[in-house]
Amino acid sequence: MLSMSAMSGGQASYYLGLAREDYYLEGGEPQGIWFGEGAEKLGLLGEVESDQLYNLFDGLSPDGSRALVQLQRHDGKAEHRPGWDLTFSAPKSVSVLWSQLSDDNRQKIQRAHFEAVKSALDYLQDTAAKTRRGKGGSEFDRTGLVVACFEHSTSRALDPQLHTHALVMNIGVREDGTTGTVSSLSLFEAKMVAGALYRLELSGRLERELGIPVEKFRTWFEISGVPEELINEFSKRRAAIEEELDRRGIRTAEGAAVAAIETRETKEAVSRMLLFGDWQKDGQEAGWSTLEADRLMGAVRITRNIENELDQAAALATFRLTSSQAHFTERDFIRAMAEEAQASGLLVDELLAGARDHLAHSPEIIRLGRYYGEYRFTTREMLAMEASLLGSAEKLSEDLSHSVSQESVVGALAKNPTLSEEQMKAIWHITEKSGALAVVSGMAGTGKTRMLDVARKIWQDEGFTVEGAALSARAASELGDGAEIESKTIAKVLMDMEKGRSKLGKKSILIVDEAGMVATPALQKLALYCEKVGAKLVLVGDEKQLQPIGPGAPFMELGERYGHAELQDIRRQNDAWARRAVKDIAEGRAQEALDAFIERGLVKVEDVREDAMKTLIKDWHTDKKPIAETLILAGSRTEVGRLNRMAQEIRKDAGEIRGEAIPIGSDQFYKGDRVMFTRNHGAMGVMNGERGVVDSFDLKSGRVSVRLDSGEKVSFEANAMTDIALGYASTTHKAQGATTTRAYVLAGGSMQDRELSYVQASRAREVTTFYLTKLEAGDEIGRLVREMERSRQKDMAHTILRNQEEVRNQQTQDEGQKHERRRR
């Protein structure tokens, strides 16, 4: 495992204070060791001396005679940031085994651990060690890292925890001997890969060199044969951190690191001799100590076929990556391959060579070239799928057989004078000016459904049938209700196509709503079928909202290639400032947006996550709007579940829900509870995501009656229904496309990004309020700003190819103009 955090000036004293020459008897930890190309160039070899480390922390040469870097300005002050603590921690089962072994065998584990640390640091040196130079730091140079490695053996609770603090100094030594600060972004981008490589090397050395049995768990490994009870006994430190994480509701790695710091106690300098004695006594009491531990040494002798292991890891990595993205970098591939190869017996050098050879020579891999500074790759299968989609789109765009008469459009627009100019242009585009492929990109709340309603009437008046499709049943239902377009889920439409039940033909219009969320595989099938039967395909969505779960983002690329209409005039929010704020978030200006919300008291910050939730629920409950006109949003299903229970509790305490508890599945409901169906139920006419209120419960028959928001009433047997949940709160993903009067948003967490924030901010007509913790907000809301501005927008592999072609064409044009000027 690998964590990474920025160091402060005083941390040098901590590591040096624990270092002892005779740590085994006197207590403390071993002396630090210098590592890295930069350390060698500065003459730093062997053990870390205190004066050297203090000077380097201050940005000075090891002897303190000169400055190696310029002071940087941070928050208006000139200062030097010392560097980063990369902490490599062995899996818990490794530390527990190590604590129970005899002296000689412990040393073997420690050597394997340090070799794994060095392998990971070597990777960082080769791929992520960069320093800026040139005017404004516009150029990057390769640089040699200066690293002080301190091996530590315990957690702060004095549990066995073999780990190494690799202190990467914020001083790099270039090949020409000059020095400069190190790019932190490059290190952070490579952190997850380095962690996976550390675990890979450690598992490989334990199995191949020491004969210790290891097994893969998701993206890491553990040692087989170490009792779970003993692992739990020696996990007091982790338990303390997890308790704090639960208390605060923290779900991010950055938040976990802060919790780890804030829960730590002062580390005692206890001799390792005493620690091992205590640990092995605990092991004996658990019935598993030195005798059993030593038996695991050399317990297995496995002959691995390295080539087969590499091929399998490469295949799994490729499948995993292309299941969610259209293209990937070498770093993505190495990380995925290293995680898939845990406990395979492979070592880092073998995996890196195999991964790079696979990317360079595999006939299944297509090399796309540089994109945003990194080489990108895709698969032949992905490129073929995209090419099929684009080929169908090209043919559809040239088919003008679905164009309506200008008179029909003019007449329909005249009957709808409240349409905006944008909406009118979009209607012209999809009905009269485009071919059998039309794309409309519209921001949230710009009246896309209203526009489609008018277009539907035009098409129907000219004899076309209009069908709709959307990813979710709820979105399909809303398209039906709002634009009177009979709609199904995309999955159902595709199934009808496959089974020969589709009624699409030459006089058909297929409208795909929320098309920005549709991945390449599904859209390729829709386009191919529309081409085959001669139907028109109309894509309506917003590429800035939530991205497809699968690979690619074809909606945006099709709009770029074949033209599109735009809707930018937001109408949903009542207030002008709120409309501006929604646009600011969508376009990456979170600071301006949040300033507007803060000015109006709509960002509420609490100490811990639980308090943020309580404040949200209290504000929501005191809202005088009907519950059906409010929406509570959170990023994860876990938090949605907690908020739903809190909403139920506060309403129960207020006497708003009452009667006998109704057990359905693992939950309990009451009369008056707001509920949401979590799966389609065709027999009842209920769709996934549809909400309502528990109307009655017949104790004798066991039947529950729910009045839906549509006004319809459905009933079911409580003991036969499992697909229903409390419906006060929803994940943001389920809420895309929804409109409400007021929204209460639990912000922060690992999922917070620009796209999620845009959806959260754009649901409500009147007021949206954000709730979060001080940790998630950061100083002057800075951390939330960074999260809300970070974009995870996807694209296609063909987007890269198109951009490259555009660059080549521009270069050719520029060269032609230069030649013409010279000729004159």
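Because the model is predicted, local features need pLDDT of at least 70 and side-chain atom pairs count only at pLDDT 80 or more, whereas totals for chains, interfaces and linings use all residues. Residues are numbered from 1 along each chain as its sequence is written, and side-chain values use heavy atoms, with hydrogens and water left out.

## Domains

The domain assignment of the protein chain gives domain 1 (2-296), domain 2 (306-381), domain 3 (399-567) and domain 4 (576-789), the bounds coming from an automatic or database domain assignment. Taken over C-alpha atoms, the centres of domain 2 and domain 4 are separated by 40 Å.

## The parallel sheet

Helices (H or I, at least four residues) and strands (E, at least two) are DSSP runs numbered from the N terminus, and two strands pair if DSSP finds at least two bridges between them. An open sheet of five strands has the order S23-S34-S33-S24-S32, with parallel pairing. S23 and S32 stand at the edges with a single partner strand each, so one side of each is left without a neighbour in the sheet. On average, and with direction ignored, neighbouring strands of this sheet are turned by 25 degrees against each other.

Within the sheet, strand S33 (residues 740-746) and strand S34 (residues 764-773) run parallel and are joined by six bridges; leucine 746 has tyrosine 771 in S34 as its bridge partner. Helix H29 (residues 754-761) lies across strand S24 (630-634), S33 and S34, and runs at about 130 degrees to S34. Such axes are lines fitted to C-alpha atoms, for helices over the stretch in contact, and the angles run from 0 to 180 degrees between N-to-C directions.

Threonine 731 belongs to strand S32 (residues 729-731) and counts as buried at 12% relative accessibility, where buried means under 20% relative accessible area, exposed over 50% and partly exposed in between (1.4 Å probe, protein chains only). Leaving aside neighbours within four places in sequence, threonine 731 is in contact (heavy atoms within 4.5 Å) with Leu633, Ala634, Ser636, Arg637 and Val640.

## The antiparallel sheet and a hairpin

Another open sheet also has five strands, in the order S30-S29-S28-S27-S31, and its pairing is antiparallel. Its edge strands are strand S30 (713-717) and strand S31 (724-726), each of which pairs on one side only, and the twist averages 40 degrees from one strand to the next. Strand S29 (residues 703-708) runs antiparallel to S30 and is joined to S30 by five bridges, with arginine 703 standing opposite glutamate 717 in S30.

Antiparallel pairing over four bridges also links strand S25 (residues 658-664) and strand S26 (residues 667-671), and isoleucine 662 has phenylalanine 669 in S26 as its bridge partner. These strands, S25 and S26, form a hairpin with two residues between them, and glycine 665 in the turn has a positive phi of about 60 degrees.

## Charged residues

A search of the whole structure finds 46 salt bridges, a salt bridge being a side-chain nitrogen of Lys or Arg within 4 Å of a carboxyl oxygen of Asp or Glu.

| Salt bridge | N to O distance |
|---|---|
| Glutamate 557 and arginine 802 | 2.7 Å |
| Glutamate 587 and arginine 589 | 2.8 Å |
| Aspartate 607 and lysine 774 | 2.8 Å |

Glutamate 557 lies in helix H23 (residues 554-562) and arginine 802 in helix H32 (residues 797-823), so this pair ties together parts that are 245 residues apart in sequence. Glutamate 557 is buried, with a relative accessible area of 2%, and arginine 802 is likewise buried, at 15%. By contrast, aspartate 607 is partly exposed at 46% relative accessibility and lysine 774 is exposed at 52%. Glutamate 587 is partly exposed at 35%, as is arginine 589 at 30%. Elsewhere, Glu115, Lys118, Glu201, Arg205 and Glu209 are linked in a network of salt bridges.

Aspartate 513, in the loop between strand S20 (508-512) and helix H22 (520-533), is buried yet has no salt bridge, and the nearest side chain of opposite charge, lysine 448, is 6.5 Å away. For that comparison Lys and Arg count as positive and Asp and Glu as negative, while His and the chain ends are not counted. Apart from neighbours within four places in sequence, aspartate 513 is in contact with Ala469, Ala470, Leu479 and Val540.
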